[in-house]
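Please look at the sequence and the 3D structure below, and keep both in view while reading about the ligand and the pockets.

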Amino acid sequence: MNAIMVEKTRALRGDVLIQGSKNAALPIMAACLLIDGVCTLTNVPQILDVDCMCHLLKLCGCKVERWDHTLTIDTTGLHCCPFPTEEVLQMRSSITLLGPLLSRCGRVEMSYPGGCVLGERPIDYHKSLLEQMGVCFWDTTDGFGASCDRLQGTYLCMPFPSVGATETAILAAVMAEGTTWLYGYAKEPEIKALCAFLRKAGANISEFGDTVLQIEGVNRLHPITWKIPSDRIVAGTYMCALAAVGGKVRLQKAPEKELEALLTKLSRMGVTISKDSLGLVLEHSGRLCGIPFLETGIYPGFPTDLQSTMLVVLTQCKGMSVVKEGIFSNRFHIVKYLKALGACIEQEENMAYVHGPTAFTGIPMKAEELRGGAALVLAALVAEGNSRIENISYIKRGYENLVSDLQGLGGRLWYAS
Ligand code: EPZ
């Protein structure tokens, strides 16, 4: 099934259970490489990026077993290997293998990582941090090689709180010789999850105020069992679906605190938000109000990963809304489709000006990246008639059950070939 058909949906009603977090699971899977023995991860989402990471781990000698949402990673047979380009290109998270492999094997060869095309996504911060820890890099025909003797702890100052580069530095530092001080690091919940996992396995990581992480290298980490936390972006996607379509939805296991930036905006726009013993309840009927200005930013700012889904919501709101993309240089791929559906949006560089509300009429569309793909599904739910969305493997990279979860809420959509 490589397409999703969607019909206009009048309201979403019911409960939805939030899956485990992709962006927490992937670096934690990479972190398992640091641990000699068998780690067990639970609540791991069944998504294509996790399949891809399992494959990469197997290529470097790990035994990976999966049943339902549980994963065991046995690193007993770990060895250094050049990774095939095709696999590495499938996702950005391939780069999280760099720190652990340098730590355990002292050498890595891979191509530059792929992932969603959201503008420039260099790895210069990753390289510079590792160089400061004693790593040498060289170019290969289709990527780069890196090697080191034992990684050396040092003072590291991040030019920007990049999520991936923070993960690389942490993963390199936990078993390095001596102490690493990491200034200006990213504070996204997925970083907190990675640190919590590593601490339980024996890593020595402390936070000082809000500015510096101190990581004292240890010689050994021990195997543990760990539960992957809920996915804040999937929860946010369903909140945006409710805001776009209307109705009443209860999100079970939604990480409420991590979604404060979105919940504050939705509440100002007119969505009623409450809590009961089973989860977070969002409700609205009628028209929401637009928001004068929304800018995506580093945590706890508004997540860039929810910019596309929020853009869809704003097309259905009264008045003009302005959206500024503050993280990536090219994350407005869906604007052309929203306009073709009927939206009134002007976009210039990293700004979008939305005049709403506008009625949508269904059209054929193609997902071009993960979160934008999910946003197209939301846009199709508010469009009269049928929409067909192709290239849905992008969506399956991060959403375990987008179609069945929305169906469970009364959404009129289904897989098609
Ligand atoms: C992570 O990507 C997430 N991916 C992204 O989610 C998320 O959008 C992003 O963080 C921001 O929150 C994963 O966790 C797997 P960054 P990452 O390094 O680590 C620039 C999703 O849909 N930069 O914080 O790649 C970069 O170009 C994905 O789930 C450099 O210039 O993001 C960007 O403008 C999409 N040089 C900015 O920093 C570098 O070496 C932030 O990127 C690294 C980054």
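## The ligand and its surroundings

A polar side-chain atom of Asp124 is found 2.7 Å from a nitrogen atom of the ligand, and this is a polar contact, a term that stands for a pair of N or O atoms within 3.5 Å (within protein, one must be able to donate a hydrogen and the other to accept it, and residues adjacent in sequence count only if both atoms are side-chain atoms). The model is predicted, so that local features need pLDDT of at least 70 and side-chain atom pairs count only at pLDDT 80 or more, whereas totals for chains, interfaces and linings use all residues. Residues are numbered from 1 along each chain as its sequence is written, and side-chain values use heavy atoms, with hydrogens and water left out.

| Residue and atom | Ligand atom | Distance |
|---|---|---|
| Asp124, polar side-chain atom | nitrogen | 2.7 Å |
| Ile327, polar backbone atom | oxygen | 2.7 Å |
| Arg371, polar side-chain atom | oxygen | 2.8 Å |

Taken alone, the ligand exposes 830 Å², and the protein buries 90% of that (areas come from the Shrake-Rupley method with a 1.4 Å probe). Around the ligand there are 23 residues, of which Asp124, Ser162, Val163, Asp305 and Ile327 come nearest; a residue is counted if one of its heavy atoms lies within 4 Å. Among the helices (DSSP runs of H or I with at least four residues, numbered from the N terminus), α1 (22-31), α5 (124-132), α6 (163-173) and α12 (370-381) each give at least two residues to this shell, and α5 has the largest share, with three residues. The shell comprises nine nonpolar, six polar and eight charged residues, where Asp, Glu, Lys and Arg count as charged and Gly is among the polar ones.

## The largest pocket

The ligand sits in the largest pocket, which means that more than half of its atoms lie within 2 Å of the grid points of that pocket. A pocket is an open set of points on a 1 Å grid over the protein atoms alone, where a 1.4 Å probe fits and protein lies on both sides within 12 Å along at least five of seven lines, and its lining residues have an atom within 4 Å of a point. About 1,000 Å³ of space lies in this largest pocket, a volume being the space filled by probe spheres set on the points. Its lining has 46 residues, with Arg121, Val163, Gly164, Ile327 and Phe328 nearest the centre.
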